[in-house]
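I opened my notebook to record what I looked up in this structure. Entries follow in the order I made them.

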Amino acid sequence: MNPVQHPVVRIQQLGDYVDQTVTLRGWLYHKTGKGKLNFLQIRDGSGICQAVVLRGNVSDETFEQVKALTQESSLAVTGVVKAESRAPGVPGGFELDVRAVTVYQIADPYPITPKEHGVEFLMQNRHLWLRSSRQWAALRVRAVIVRAIRDWLDSHGFLNVDTPILTPAAAEGTTTLFSIDYHGEPAYLAQTGQLYNEANIFAFGKVYCFGPTFRAEKSKTRRHLQEFWMVEPEIAFCDLEGLMEIEEQFVSYIVQRCLADCGPELAILERDTTHLQRVSPPFPRIHYDEAVAMINRAAAAGELVPGYPDPVPAIEWGDDFGSPHETYLAAQFDKPVFVHHYPTQVKAFYMEPEADRPEVCRSVDLLAPEGYGEIIGGSERMSDPEKLIAAIARHQLPQSVYEWYIDLRRYGSVVHSGFGLGVERTVAWICGLDHVRETIAFPRTLTNLRP
Ligand code: 4AD
Ligand code: MG
């Protein structure tokens with residue numbers, strides 16, 4: 001039987017071809033056999049399907065070929081699509097009753113087998129690890145998150161205006177800059193597109209940039225990458241309260257889209273979606289002062305941080321939160337929680353100080369439940385040129401490279417706000433993953449530049 005005589009379909013389309021003969025092309029994921037029956041689990045990128053090879057239904061030569069197949073061998077199988085509710089696979093429910101097989105390549109012994117490997121080995125073999133079902137599932141959820149981000153913003157009046165990656169100035173502190181040589185002039189990889197977004201709102205009103213951002217983070221944590229993707233909306237005529245309303249709508253939409261569109265993927269990841277189902281506006285809002293009081297009450301009582309062996313560490317007013325603080329705070333609520341009005345001294349230079357209390361600023365972070373920590377950072381921006389010049393000086397930044405940014409406050413300054421949502425932390429949260437390294441195809445961590 002010649003495979004080209006039949007429709008070549010992908011596994012996700014099998015439901016449209018029940019009782020018809022089709023050809024699938026892919027890779028062997030797993031094989032079991034006894035006597036005259038062989039069960040092939042075949043991946044084709046869109047799903048996993050069981051193909052049943054019965055001696056007698058295929059030529060003897062094909063049957064012998066099938067017995068010799070190794071994991072990851074590439075092949076085409078032609079057969080009849082059967083609706084079989086117990087059939088394993090993704091999405092499952094269909095299997096292929098095989099009549100012909102074409103082998104493209106018998107794979108060498110595959111280094112990643114179902115048995116456990118250490119993370120270091122898996123990271124070195126990331127180019128192969130990507131084929132495993134959990135990695136496949138997480139990256140498919142990531143793609144849906146990215147689609148949901150764009151769909152929500154595009155349908156709420158935001159214009160996508162992308163910002164440069166090669167930049168002459170710091171925006172999020174000088175300690176995490178990646179320096180490069182720009183034809184003899186020092187330059188940096190962008191930590192954020194925000195400053196350029198702020199210029200763009202004066203032309204377009206509501207904008208977003210969406211791209212890779214870079215931070216030379218010296219610490220090795222579950223939440224930090226050197227290169228990560230951030231979507232940054234920026235809005236003219238928007239204050240801190242307006243910003244929180246946008247954020248809670250946006251995040252709720254992303255979560256609900258994943259629940260609607262990623263059922264099979266979340267099942268592979270064994271994600272308990274109870275928490276996610278509750279994600280809808282409004283989200284609780286707490287002032288930094290209140291957050292500090294909550295933390296210090298728990299510390300005094302010796303309460304444990306959920307998921308940590310240690311008690312909640314006390315905090316001094318004015319300090320930034322560590323992961324245990326964020327985890328403890330988020331665990332006190334059943335939805336993501338906003339913490340607003342952080343101390344001015346721990347935040348970036350461009351944040352608007354509170355008018356009658358300048359030691360706190362009109363900033364807001366969104367903390368995800370279940371220990372995932374900060375997924376959004378944002379604020380109202382300073383809109384007065386003189387205050388901004390003073391803040392640039394206080395942070396010991398060179399005013400000359402920020403002149404254009406100060407100009408934005410000289411020509412039609414308005415109250416404006418924006419935020420950045422980290423894609424990898426959002427994927428980790430929605431998928432229930434322990435570490436952000438599994439949320440991007442080729443993660444750049446402190447210790448991983450290869451492959
Ligand atoms: O809080 P951050 O630093 O905010 C900004 O960069 C602002 N300029 C955004 C804005 O207002 N337009 O970063 C925003 C988010 C964090 O909440 C986190 O989700 C993610 O970006 N993020 C990281 N993700 C992975 N690895 C890192 N090293 C990250 N640093 C920040
Ligand atoms: Mg932040």
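I began with R285, which is partly exposed at a relative accessible area of 26%. This is a predicted model. R285 forms a salt bridge with E248, and the closest N and O atoms are 2.9 Å apart. I checked where the two sit: E248 is in helix α6 (residues 240-261) and R285 in strand β13 (residues 285-287). They are 37 residues apart, and the pair links distant parts of the chain. E248 has 5% relative accessibility; the cut-off for buried is under 20%, so E248 counts as buried.

Next I stayed in helix α6. D261 and R257 form a salt bridge, with closest N and O atoms 2.9 Å apart. The two are four residues apart in α6, so about one helical turn separates them. D261 is partly exposed at 39% relative accessible area. R257 counts as buried at 16%. I also noted a network: salt bridges with shared partners join R43, E72 and R131.

How many salt bridges does the structure hold? I found 24. One of them joins the side chains of R140 and E265, at 2.9 Å from N to O. R140 lies in helix α4 and E265 in helix α7 (residues 263-268), so this pair ties together parts 125 residues apart in sequence. E265 is buried, with a relative accessible area of 5%. R140 is partly exposed at 28% relative accessibility.

The largest nonpolar core has 56 residues. Those with the most contacts inside this core are V141, I149, F250, V251, W429 and I430. Which helix gives the largest share? Helix α4 (residues 133-154) does, with ten residues. The core draws at least three residues from each of domain 1 (3-105) and domain 2 (126-284 + 333-438).

I listed the neighbours of V141, leaving out residues up to four places away in sequence. V141 touches C258, C262, E265, L266, L269, I430 and C431. Another core lies apart from the largest one; it has 21 residues, among them L40, V53, V81 and L96.

Last entry: helix α5 (residues 194-204). Here Q194, L195, N197, E198, N200 and I201 are buried. What do the buried residues of α5 pack against? I found β11 (206-214), β12 (227-236), α12 (403-407) and β19 (416-422). Just after α5, G205 takes a positive phi of about 85 degrees.

Key: Residues are numbered from 1 along each chain as its sequence is written. Chains are lettered from A and ligands numbered from 1 in the order in which they are written. This is a predicted model: local features need pLDDT of at least 70, side-chain atom pairs count only at pLDDT 80 or more; totals for chains, interfaces and linings use all residues. Side-chain values use heavy atoms; hydrogens and water are left out. A nonpolar core is a set of buried Ala, Val, Leu, Ile, Met, Phe, Trp, Tyr and Cys residues joined through side-chain atoms within 4.5 Å. Buried means under 20% relative accessible area, exposed over 50%, partly exposed in between (1.4 Å probe, protein chains only). Domain bounds come from an automatic or database domain assignment. Contact means heavy atoms within 4.5 Å. A salt bridge is a side-chain nitrogen of Lys or Arg within 4 Å of a carboxyl oxygen of Asp or Glu.
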